[in-house]
Amino acid sequence: MFFSGKEARGKDDAGQDSFELMLKDTLLVKRIINNNIVIAEDFKGHEVVAIGKGLGFRKQKYDVIHSREVMKTYVLVDGSARPQLLSLFEQVPFEIIELTQRIIDIAQEDLKMTFNVNLVVALADHIQFSVNQYKAGFDMPALVNEEVKRFYKDEYEVGKKAVRLINETLHIQLKREESTSIAFHLITAAEKRPNHDALRIMQGVSEIIKLVEQTLDLTLDEDSMAVSRFIIHLKFFMRSILFEQVRRSEGSLGSMLSQFSTGYEQASRCVDLISNYVLEHYAYSLTDEDRLYLMIHIVRLWDQQGKEYIDFAG
C-alpha cells in the first residue's frame, strides 16, 4: 500500500504524538530510596521524587516507571536542604508518607492551594514523631494552640480532619491539640518561610488584637466578617513589617487620615498604641497608609458591636 506525501506526514505526526504521550506517561529511575520511593527523571528532564507502594521494588537505575504505578510526584529542587529531604524519605515509613499525602490532598482541596515536597517531608517527620511520642506515653503540648485556632481557622479545620484520619488509620488516639501542630505546618508551608517566622507573625497579630480589645473595651467576635477581615489585614501587615519593610508612597493620604481621625478619636488612639508597639518591637514606623487602613478596620469593628461611638480619650 502506498501513501501520498500528505497521508504519510499525517501518519508520521500521529506516530510522533503517540510517542510524546508515551514519554509523558513514564519516568526514568535515577536512584532508589526504598521499596516505595525513587528519584526519577520526567520527560522534560526534571528530577522528581516519585512515591508509590512497591514503586522501587526490584527496580534498577534507568528502569522505566509508568504513571499508573505512581501515587504522587514532586519536583526535586536543588539546594542545601536536598540531602536532608532524601534522608528523611529514607527514614520515615511508607505508611506515614502515604498518610501524609492523603492529608496534603485534603489541605490542597480545602485551602485551594498547592504545596511542594518540603511539606511532605516536614509533615511526615512530624507525624512520625507524634506517633512515636504517643506510643511511648509522652504528651507534647501544642505551643501555638490558641493563636492557630483564632487566626488560621481554615488550616485548623484541616488539622482536625488530619488527626481524625491519623487516629482511624493507625488505630491510635492522638489528642485534638495535635490539630494545631499540623495546621502550623500548613501555615509555614503556605508562607514559604521557617516555622519561627510564622510564629512571629501570629504573635504580632495576637498582641495587636489584645491592644484593640483593651483600648476599645471590647471582646471581638472572631467568627464575624469584620474581625476576619481585620485579622487577614494584620497578617499581611505583620508580614510586611517583618520581611519587607518597603516604604510605600504617602501620596495625599495625610489629609484624609486627619479628617478621619477627627471623627474617631478613640480609634486614632488605638492606632497610636499599635504604632508604639511595632516601633518598639520591630523598629517600624507606621506610614499614613498603614494608619488609615488600621483606622478603617478598627472603626468597622466598633460599628459591628452595634454601639454608639464614644470618645474615651478625654
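Visitor: Leaving aside neighbours within four places in sequence, which residues is valine 212 in contact with?
Guide: This is a predicted model, where local features need pLDDT of at least 70, side-chain atom pairs count only at pLDDT 80 or more, and totals for chains, interfaces and linings use all residues. Residues are numbered from 1 along each chain as its sequence is written, and side-chain values use heavy atoms, with hydrogens and water left out. Contact means heavy atoms within 4.5 Å. With those sequence neighbours set aside, valine 212 touches Asp217, Leu220, Phe230, Cys270, Ile274, Ile298 and Leu301.

Visitor: Which residues have the most contacts inside the largest nonpolar core?
Guide: A nonpolar core is a set of buried Ala, Val, Leu, Ile, Met, Phe, Trp, Tyr and Cys residues joined through side-chain atoms within 4.5 Å. Buried means under 20% relative accessible area, exposed over 50%, partly exposed in between (1.4 Å probe, protein chains only). The largest core has 42 residues, and those with the most contacts inside it are Ile208, Val212, Phe230, Phe237, Met238 and Ile298.

Visitor: Which helices each supply at least two residues of this core?
Guide: Helices (H or I, at least four residues) and strands (E, at least two) are DSSP runs, numbered from the N terminus. The chain has 12 helices and five strands. Those supplying at least two core residues each are H5 (145-151), H7 (178-191), H8 (195-216), H9 (225-243), H11 (265-282) and H12 (288-304).

Visitor: How many residues are in the second, separate core?
Guide: Nonpolar side chains tend to be buried together in soluble globular proteins. The second core includes Ile37, Leu99, Ile103 and Leu165. Its size is 39 residues.

Visitor: What percentage of the 314 residues in the chain is buried?
Guide: The count runs over the chain's 314 residues. The buried share is 45%.

Visitor: Is lysine 59 buried or partly exposed?
Guide: A salt bridge is a side-chain nitrogen of Lys or Arg within 4 Å of a carboxyl oxygen of Asp or Glu. Lysine 59 forms one with glutamate 69 (3.3 Å, N to O). Glutamate 69 has a relative accessible area of 30%, so the glutamate is partly exposed. At 17%, lysine 59 is buried.

Visitor: How many residues apart are aspartate 110 and lysine 161?
Guide: Their side chains meet in a salt bridge (2.7 Å, N to O). The pair links distant parts of the chain, with aspartate 110 in helix H3 (residues 94-111) and lysine 161 in helix H6 (residues 153-170). The separation is 51 residues.

Visitor: What separates glutamate 207 and lysine 210 in helix H8?
Guide: The two form a salt bridge, with the closest N and O atoms 3.5 Å apart. Glutamate 207 is partly exposed at 32%, and lysine 210 is partly exposed at 38%. They are three residues apart in helix H8, so the separation is about one helical turn.

Visitor: Which residues are linked in a network of salt bridges?
Guide: The structure holds nine salt bridges. The linked residues are Lys30, Glu41 and Glu47.

Visitor: Which residues form a nonpolar patch on the surface?
Guide: Patches are made of residues with over 30% relative accessible area and no salt bridge: like charges are joined within 9 Å, nonpolar side chains (Val, Leu, Ile, Met, Phe, Trp, Tyr) within 5 Å. Leucine 28, in strand S1 (residues 26-32), has a relative accessible area of 31%. Accessible areas come from the Shrake-Rupley method with a 1.4 Å probe; for residues, only the protein chains shown count as cover. Together exposing about 280 Å² of accessible area, the patch members are Leu28, Tyr62 and Val64.
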